[in-house]
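The following note sets out points for a student who is reading this structure for the first time. Please keep the sequence and the model in view while working through the points.

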Amino acid sequence: MTTPLAELLAAIPSLNDPKEPFAYQVRDGAIGGSWDIVRATTPYPTEVESINKDYEITVTLDPAKNTFEFNERKTSSEGSVDAGGAGFEKSFFSGKSTSKEFSFEFGGVRKTDDGITVAPLAYSFETSRIKDPLFAFLDQHGWHRKKGLLSGLFNH
C-alpha cells in the first residue's frame, strides 16, 4: 500500500541522522537532500587556498502514479592567492550520477581555534550514501522510481 503524499512528506525528517553529514527536507512539495561535502580555507605562510564542494538531490513525486524522479546537482570551487597572483576554478554538474571521492588531501597547514596545525584535511563523499536510504524509504512506502529510457544506466 502506498503512503499518501502528505504523510510521506511529513515523515521525511525521520530520515535525518545527526551522525551523517547530510540532511533531508521538504521543499515545495519535493524532497531535497543536501550535503556540504567540504568547505575549508587553508592559510600557508605565503598563500591562501580554499575549497568548497556541495551536493544536492531533489526528488519530485507523482502522486497519480506513485512514482518519483530525481535530479542531482554538484558544485565545486577551488581558489588560491599567492605572491604570483590569484586563481579560481568552479565546476557544476546537474543530472544523474554515481560518484565516489575518498581521502582527498587539501593543504597541510590549517588555522584552528587552537592555533595553526600541520594536519591535512581529508574527506569522503559517495552519492549512494545519501541516495540509498532515501530511495529505500520511498520504496518501503510504496513509491517507485519512474522508469525512463536510460533508467537502467543510472540506478543510483
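1. A term is needed at the outset: a salt bridge is a side-chain nitrogen of Lys or Arg within 4 Å of a carboxyl oxygen of Asp or Glu. By that cut-off, glutamate 56 forms a salt bridge with arginine 27, since their closest N and O atoms are 3.8 Å apart. The two partners come from distant parts of the chain, glutamate 56 being in strand 3 and arginine 27 in strand 1, 29 residues apart. Please note that the model is a predicted one.

2. The overall architecture may be considered next. The protein chain contains two helices and 10 strands. Read from the N terminus, the order of its elements is α-β-β-β-β-β-β-β-β-β-α-β. Of its 156 residues, 34% count as buried. The accessible surface amounts to about 9300 Å², and 54% of this belongs to carbon and sulfur atoms. Among contacts between residues at least 6 apart in sequence, 54% join residues at least 24 apart.

3. How many salt bridges does the structure hold? There are four. One of them joins the side chains of glutamate 20 and arginine 129, with an N to O distance of 2.8 Å. Glutamate 20 lies in the loop between helix 1 (5-11) and strand 1, whereas arginine 129 belongs to helix 2, so this pair ties together parts that are 109 residues apart in sequence. Glutamate 20 has a relative accessible area of 28% and is therefore partly exposed. Arginine 129 is likewise partly exposed, at 31%.

4. Glutamate 56 counts as partly exposed because its relative accessibility is 24%, a value between the limits of 20% and 50%. Arginine 27 is also partly exposed, with a relative accessible area of 31%.

5. A further salt bridge is formed by the side chains of glutamate 72 and lysine 131, at 3.3 Å from N to O. This pair, too, links distant parts of the chain: glutamate 72 is in strand 4 and lysine 131 in helix 2, 59 residues apart. Are these two residues buried or exposed? Both glutamate 72 and lysine 131 are buried.

6. The aromatic residues form another topic. A pair of aromatic rings is described by the distance of the centres and the angle of the planes. A search of the whole structure finds six aromatic pairs. In one of these, the ring centres of phenylalanine 22 and tryptophan 35 are 5.2 Å apart and the planes stand at 50°, so the pair is tilted. Phenylalanine 22 is in strand 1 (residues 22-27) and tryptophan 35 in strand 2 (residues 30-43); the pair therefore ties together parts that are 13 residues apart in sequence. Phenylalanine 22 is buried, with a relative accessible area of 8%, and tryptophan 35 is buried at 2%.

7. A second tilted pair is made by phenylalanine 68 and phenylalanine 135, whose ring centres are 5.4 Å apart and whose planes are at 40°. Phenylalanine 68 lies in strand 4 (residues 67-82) and phenylalanine 135 in helix 2 (residues 127-140), so parts 67 residues apart in sequence are tied together. Phenylalanine 68 and phenylalanine 135 are both buried. Separately, one aromatic cluster is formed by Phe22, Tyr24, Trp35, Tyr55 and Phe125.

8. Lysine 53 and aspartate 36 are 17 residues apart in sequence, while their C-alpha atoms are 6.5 Å apart in space.

9. Aspartate 28 is not a glycine, yet its phi is positive, at about 50°. Aspartate 28 is located in the loop between strand 1 and strand 2, and its relative accessible area of 86% makes it exposed. Asparagine 66, another residue other than glycine, has a positive phi near 55°. Asparagine 66 lies in the loop between strand 3 and strand 4 and, at 25% relative accessibility, counts as partly exposed.

Definitions and conventions:
Residues are numbered from 1 along each chain as its sequence is written. This is a predicted model: local features need pLDDT of at least 70, side-chain atom pairs count only at pLDDT 80 or more; totals for chains, interfaces and linings use all residues. Side-chain values use heavy atoms; hydrogens and water are left out. Rings of Phe, Tyr and Trp (its six-membered ring) pair if their centres lie within 6.5 Å; planes under 30 degrees apart count as stacked, over 60 as edge-to-face and the rest as tilted. Helices (H or I, at least four residues) and strands (E, at least two) are DSSP runs, numbered from the N terminus. Buried means under 20% relative accessible area, exposed over 50%, partly exposed in between (1.4 Å probe, protein chains only). Contact means heavy atoms within 4.5 Å. Accessible areas come from the Shrake-Rupley method with a 1.4 Å probe; for residues, only the protein chains shown count as cover.
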